[in-house]
Amino acid sequence: MRNPITGQADRALAPIPPDRLAAVAAELREMAPTWRHADRGAVLSRFGAALADDEDLLAALVADTGRVGESVLERRLTANLVTRWVRQAPALLAPPPERPASLPGVFVGGDAVPYELAGMISPWNFPLLLGLIDAVPALAAGCAVLVKPSEVTPRFIEPLMRLVPGELPLRVVEGDGETGAALVDLVDAVVFTGSVETGRLVARAAARAFVPAYLELGGKDPAIVLAGADLDRATSAVLWGGTANAGQSCQSIERVYVAREVHDEFLALLVDKAGAVGLTCEGGPIGPIIAPGQEDVIAAHLADAVARGATVHTGGTIERHGGGHWCRPTVLSGVGHEMLIMTEETFGPVLPVMAVAGPDEAVALANDSAYGLSAAVFAATEEQALAVAARLQVGAVSVNDAALTALVNEGEKHSFRLSGLGGSRMGTASIGRFLRRRAFLVNRSATADPWWHTTKE
C-alpha cells in the first residue's frame, strides 16, 4: 500500500482469510442475543470516550491519509457520533403506543427487531468516520456489526480495535474487494459507501443473498450563486466546500454556476482566496491525494477541460513533493457540460466556474447530472435560496454555506439518481435501517364471532 506522503509502498495488505472471516461472523452472531439485552448505552459511551482522545488512532489516521487537520476533526466527529446515538437511541427504540385499528375492538401495538448481524463496507477518504457512521446506529439498535474498510487505508484498524470493549459486538477487519464480496454473504443487511461501479456489484450480491443493501455512492455537487448574494461569504464557503480534504469527499463542491452579472467579481474573489491556500507539506491545509491512481483521474479531467477551452486560474497540475501526489486548489473558468470536469466525479480540489443567465439556467444545469447527492445555494435572501433549493434533484441543500452534510447529521435525506439507494443515513430515521418492525394485532372485542369472520352462512 502506498504512503500518501512519501509515495512509497511501505506496508503490505493482510486480508483476513475467508474461513477466518466466516468465523468472526459466527462469533458476532453468538454475541448478538446478549448484546440486544445489554446496557448498550453504557458500553457505547465507554467506546466513544476512548475514541475521543486516543493518539495512536489519530497517528494511524494521519499515516493512512497524509492529512492532519481533517484527521483531528474526523476523530472528534466520530466520538460525537457515538455520544449522539447513545442519547437518542432509547427514545427511538421505545415501542410505539398502542392504538385502535379500523376494525372495532382491535388494537395495534408492536416492537422492533434488530438484524442479528449488519455488515459495512466503507471507503478511504474518511476511514474512521465512514467506517463507523453506520456501525454506531446499528450497534445502538442491537445489531452485531462487521466492518470492512477500504484496502487503501487499513492502518487505523489495529488501534481502533484496541479501543473496542470486549462486550461490544463490533469487528473491523482488513481486506480487499474479495473480502467485501465475502462479507455480503455472511450478514443480514449491508451498507456500502463508495463508487457507483462497486455499488452496483454490492447491490447484485445483496440481491443474490436476499439481504437489504443501503448504498451511499458518488456525487458531483453543484453550487449556485445568484445575483445579490454575499460574494465574500459565497467564495469562502465554495472554496472550503470544494477543497476540504483536498476535495476527496462525496459532498465536495465540484461545479459552480454563477449569475452572469456577478460572475467576474465572484471569480476574481475566488481566485484570490484559492491562490493563498497552500499544501500541508508547505504548512498549508491541503493534504495529499490519498488513493493510488486518483491523481490520474484529476489530471485527465483537467487536461480535457483545457483542451476544450477552459482557463486555469490557480493550480491546475499534479505536483510531486516528497514522493506523494498533490493538487493545489484549482479554479477554472470558460467551462461547459461537454467537459469531463463538469459531468464526472473528479474527487480533487478543483472548482470549475460557469456563468449562467439566472436561476432557471442554473437549476437546469445543476440537475443535468447522473448524480444527486447534495448542493449549495447562495442568494440575496433566504427565501430566494430556498425557492431554488426546492427545484434541485438532490438529497440535501446547504443554504448560504456549502457541504454542511459533512458536519450536520440531523437532516434526514435520501440520495437521488446514482448517488445512492435506500433509507436515510442522516437524521433519527437512520437507525430504522437496522430494525424490522413487528406488529401485534390484538382483538379485544366482546363478540366471539365478529362480522369479518365469514365462516358461517
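This is a predicted model: local features need pLDDT of at least 70, side-chain atom pairs count only at pLDDT 80 or more; totals for chains, interfaces and linings use all residues.
Local features need pLDDT of at least 70 and side-chain atom pairs count only at pLDDT 80 or more, while totals for chains, interfaces and linings use all residues. Residues are numbered from 1 along each chain as its sequence is written, and side-chain values use heavy atoms, with hydrogens and water left out.

Six strands form an open sheet of mixed pairing, in the order 5-4-3-6-7-19. Strands (E, at least two residues) and helices (H or I, at least four) are DSSP runs, numbered from the N terminus. Two strands pair if DSSP finds at least two bridges between them. Strand 5 (170–172) and strand 19 (420–421) stand at the edges. Each has a single partner strand, so one side of each is left without a neighbour in the sheet. Strand 3 (residues 117–121) and strand 4 (residues 144–148) run parallel and are joined by five bridges. Ala118 stands opposite Val145 in strand 4. Helix 8 (residues 177–184) lies across strand 3, strand 4 and strand 6 (189–193). The helix runs at about 155 degrees to strand 3. Axes are lines fitted to C-alpha atoms, for helices over the stretch in contact, and angles run from 0 to 180 degrees between N-to-C directions.

The largest nonpolar core has 48 residues. Such a core is a set of buried Ala, Val, Leu, Ile, Met, Phe, Trp, Tyr and Cys residues joined through side-chain atoms within 4.5 Å. Buried means under 20% relative accessible area, exposed over 50%, and partly exposed in between (1.4 Å probe, protein chains only). Among the members that touch the most others are Phe47, Met120 and Leu132. Beyond its neighbours within four places in sequence, Phe47 is in contact (heavy atoms within 4.5 Å) with residues including Leu160, Val164 and Pro165.

The structure holds zero disulfides (cysteine sulfur atoms within 2.5 Å). The sulfur of Cys250 is 19 Å from the closest cysteine sulfur, in Cys327, too far for a bond. Cys327 is buried, at 1% relative accessibility.

There are 24 salt bridges (a side-chain nitrogen of Lys or Arg within 4 Å of a carboxyl oxygen of Asp or Glu). One of them joins Asp111 and Arg438, at 2.8 Å from N to O. This pair links distant parts of the chain, 327 residues apart: Asp111 is in strand 2 (residues 106–114), Arg438 in strand 20 (residues 435–443). Arg162 and Glu158 form another salt bridge, at 3.6 Å. Both are exposed.
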